[in-house]
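Hi,

Here is the structure I said I'd send over. Have a look at it first, and my notes on what turned up follow below.

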Amino acid sequence: MVNNTIQIESDPTTLAAVQHLKAIDFELAYLALLTREGLKPISRWEKVLDEAALEALREVGLRTRPVHRKVRSGQAFTETVFGNTAAYLEVYAQYFDGLPVDKSAETVRVEGFLFGYPPCCVAQYIKHPYAPNEFPGHKQEILFHWTCEGCVLTPLLMPHYERIYRLTQQY
Ligand SMILES: [Zn+2]
């Protein structure tokens, strides 16, 4: 049985931190809570985060790490990855620090592993991105991976994503 109880933090520091993230962007707060819950080993935020936002992520219990990337034109930018443990953040930085943004199969594989995507969905996406699936659109929208046809793992993950999504809305 999946525990569907919705309970926001009673601790005022965490409460304020999640609200701060949510004020920046709902998706940032949602990713932070999914990651803290362990559904994603790490998550990435591609826009600039100021010190207050980084502090809010840390108050939620996450570690943060800046990673330096380039867009295809060569312009540099900084993204932030966050997770419960330092090791996966290091693995991400080891692979991506200094690298231009790309959509190669290798990149999709490394990202899929570190962002907690089902391996079947990652493999299908590499072969044929956004292949039709039988998954309802409103469910697909709260996920960060494209579900493969006949996926066994996504329906197992779904109630957890839905719970955290509703939790994020409650803050
Ligand atoms: Zn799948």
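Bear in mind that this is a predicted model. I'd start with the largest nonpolar core, which has 34 residues, and the ones touching the most other members are Leu-21, Ala-32 and Ile-42. Quite a few elements give two or more residues to this core: α1, α2, β1 (42–45), α3 (51–59), β3, α4 (86–96), α6 (119–127) and α8 (153–170). The largest share comes from α2, with seven residues. As general background, nonpolar side chains tend to be buried together in soluble globular proteins.

Setting aside neighbours within four places in sequence, Ile-42 is in contact with Thr-35, Val-81, Phe-82, Gly-83, Tyr-88, Leu-89, Tyr-92, Leu-114 and Phe-115.

How do α1 (residues 12–24) and α2 (residues 26–36) cross? Their axes come within 5 Å, at an angle of roughly 135°, which means α1 is oblique to α2. On the α1 side the contact is made by Val-18, Leu-21, Lys-22 and Ile-24, and on the α2 side by Phe-26, Leu-28, Ala-29 and Ala-32. Sorted by class, that contact between α1 and α2 has seven nonpolar residues, one charged and no polar.

Last, the hairpin. Strands β2 (residues 63–70) and β3 (residues 76–83) pair in the antiparallel sense, over eight bridges. One of the pairings to look for is Arg-63, whose bridge partner in β3 is Gly-83. Five residues sit between the two strands of this hairpin, and Gly-74 takes a positive phi near 105°.

Cheers

Key: Residues numbered from 1 in each chain as written. Predicted model: local features only at pLDDT ≥ 70, side-chain atom pairs only at ≥ 80, totals over all residues. Pairing = 2+ DSSP bridges. Helix = DSSP H or I, 4+ residues; strand = E, 2+ residues; numbered from the N terminus. Axes fitted to C-alpha atoms, helices over the stretch in contact; angles between N-to-C directions. Parallel < 35°, antiparallel > 145°, perpendicular 65-115°, else oblique. Contact = placed C-beta atoms within 7 Å. Nonpolar A, V, L, I, M, F, W, Y, C, P; charged D, E, K, R; others polar. Core = buried A, V, L, I, M, F, W, Y, C linked by C-beta atoms within 7 Å. Buried ≥ 20, exposed ≤ 12 C-beta atoms within 10 Å, placed from the backbone.
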